[in-house]
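Open the model in your viewer and keep the selection tool ready. The tour goes stop by stop.

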Amino acid sequence: MEFGSIAREIYVEASPEVVFDVVSSPDHLKEWWPDEARYEPMPGSAGETVFGDRDAGAVVMTATPELWS
Amino acid sequence: MTATLVEDVDDVLWSAIGDPTRRRMLDLLLVEGGGTATTLGQQLPVTRQAVAKHLGVLDRVGLVRARTAGRERRYQVDQAQLARAVAQLSSVGTAWDARLQRIKRIAEAIQRTQDPQHESQHESQHDSQHASRDQGE
């Protein structure tokens, strides 16, 4: 399996700080990607993102500090 | 075949296409209307054994159909299955384009609440951004 990349460019009328917050903080992430998000937006933190309804076969992605070491 | 819940994507189908030699083989089969391990091997920098192995992968996911024609099996692309794979690839791209648009809308809405009322006041925008950083936002 080889890995390629897909790039997109999009102009946003907002500061880099605002955009970074939208793409990294769990409260904002929930607005455009997973259904639930719980984590500290810091390298090495534990947490989870949930795609779908937990009671109906959701995909739960968890991260733990061990994964980063 | 199972699809993930995140997007309707067939991982096995994608794995089959996610190989440059197999994609080249599909191109050749499409252009030439079909082929055998021999005809493909003559046009690719891989052994006939490797070609046969790749044809097996493509056959198992239904991207090609085989017919016995003489001593060799003759393969043709299954257009419907290829169209299905292409549609899934496109749908992932579309989903991400939609996410980027949501990111843009959310960020711009936040930015507007941080800016003063008048758009032309670039200096005070700069000042208010500094101020909000000082306040630990």
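**Before you start.** This is a predicted model: local features need pLDDT of at least 70, side-chain atom pairs count only at pLDDT 80 or more, and totals for chains, interfaces and linings use all residues. Residues are numbered from 1 along each chain as its sequence is written, chains are lettered from A and ligands numbered from 1 in the order in which they are written, and side-chain values use heavy atoms, with hydrogens and water left out.

Stop 1: Select chain B and colour by secondary structure. You will find six helices and two strands. Helices here are DSSP runs of H or I with at least four residues, strands are runs of E with at least two, and both are numbered from the N terminus. From the N terminus on, the order reads α-α-α-α-β-β-α-α.

Now switch to a surface. Chain B exposes about 8600 Å², and carbon and sulfur atoms supply 52% of that. The area comes from the Shrake-Rupley method with a 1.4 Å probe; for residues, only the protein chains shown count as cover. Of the 137 residues in chain B, 36% are buried. Buried means under 20% relative accessible area, exposed means over 50%, and partly exposed lies in between (1.4 Å probe, protein chains only).

**Stop 2: where B touches A.** Show both chains. How many residues of chain B are in contact with chain A? There are 24, facing 22 residues of chain A. Contact means heavy atoms within 4.5 Å. The area buried between the two chains is about 1900 Å², with 68% from carbon and sulfur atoms. Buried area is the accessible area (1.4 Å probe) that two parts lose on being put together, summed over both.

Next, look for polar links. Five residue pairs are in polar contact between chain B and chain A, both residues at pLDDT 80 or more. A polar contact is a pair of N or O atoms within 3.5 Å; within protein, one must be able to donate a hydrogen and the other to accept it, and residues adjacent in sequence count only if both atoms are side-chain atoms.

H5(B) gives the most, with 15 residues.

Zoom in on B:Asp97 and A:Arg8. They form a salt bridge, with the closest N and O atoms 2.6 Å apart. A salt bridge is a side-chain nitrogen of Lys or Arg within 4 Å of a carboxyl oxygen of Asp or Glu. The count between chain B and chain A is one.

**Stop 3: a bridge inside chain B.** Select B:Arg48 and B:Glu72. Their side chains meet in a salt bridge (2.9 Å, N to O). The pair links helix H4 (residues 48-60) to strand E2 (residues 72-77) of chain B, 24 residues apart. B:Arg48 is partly exposed at 45% relative accessibility, and B:Glu72 is partly exposed at 21%.

Stop 4: Select A:Arg38. Its salt bridge with A:Glu36 has the closest N and O atoms 2.6 Å apart. A:Glu48 also meets A:Arg38 in a salt bridge (2.6 Å, N to O).
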